[in-house]
Amino acid sequence: RCRPLRILIIRHGESEGNLDKTLFERKPDNDHSLTERGRLQARRAGRWMRELVQEEEVYFQVSPYRRTRETLQGILESFVDSSGNPLPREELQLQSLEDSEIP
């Protein structure tokens, strides 16, 4: 069985809800977008991760929340080959704990 060399856990970048807590009253939590700063943080995280893993095979798992998908898009800007083709495979398998029941 193949096991990863490392597992990195990255939280989403700064979101609208991080700046305006009242937004949770008007907009569903899963629909909050990243701020400009959050997009910058995502691109920065992507460059850091790419430098760390170099040419290792990389897989990403991400929750379906808008801010996490936007964070992934920023990270993926650093994970392309010389032709600009994406390197990793993406899997949508994670959920927020508040949406899951823990036995």
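Reader: Before we start, how are residues numbered, and which pLDDT do side-chain atom pairs need?

Author: Residues are numbered from 1 along each chain as its sequence is written, and side-chain values use heavy atoms, with hydrogens and water left out. As this is a predicted model, local features need pLDDT of at least 70 and totals for chains, interfaces and linings use all residues, while side-chain atom pairs count only at pLDDT 80 or more.

Reader: Okay, what order do the elements of the protein chain run in?

Author: Helices (H or I, at least four residues) and strands (E, at least two) are DSSP runs, numbered from the N terminus. The protein chain has four helices and two strands. Read from the N terminus, the order is α-α-α-β-α-β.

Reader: Where does E14 lie, and why does it count as buried?

Author: E14 is in the segment before α1 (16-19). Buried means under 20% relative accessible area, exposed over 50%, and partly exposed in between (1.4 Å probe, protein chains only). E14 counts as buried because its relative accessibility is 14%.

Reader: And T35, is that buried or exposed?

Author: T35 sits in the loop between α2 (23-26) and α3 (36-53). Its relative accessibility is 12%, so T35 counts as buried.

Reader: Which backbone nitrogen does the side chain of T35 reach?

Author: A polar contact here is a pair of N or O atoms within 3.5 Å; within protein, one must be able to donate a hydrogen and the other to accept it, and residues adjacent in sequence count only if both atoms are side-chain atoms. The T35 side chain makes one with the side chain of E14, at 2.7 Å. At 3.0 Å, that T35 side chain also reaches the backbone nitrogen of G38.

Reader: Leaving aside neighbours within four places in sequence, which residues is T35 in contact with?

Author: Contact means heavy atoms within 4.5 Å. With those neighbours set aside, the list for E14 includes L19, R37 and Q41. For T35 it reads E14, S15, E16 and L19.
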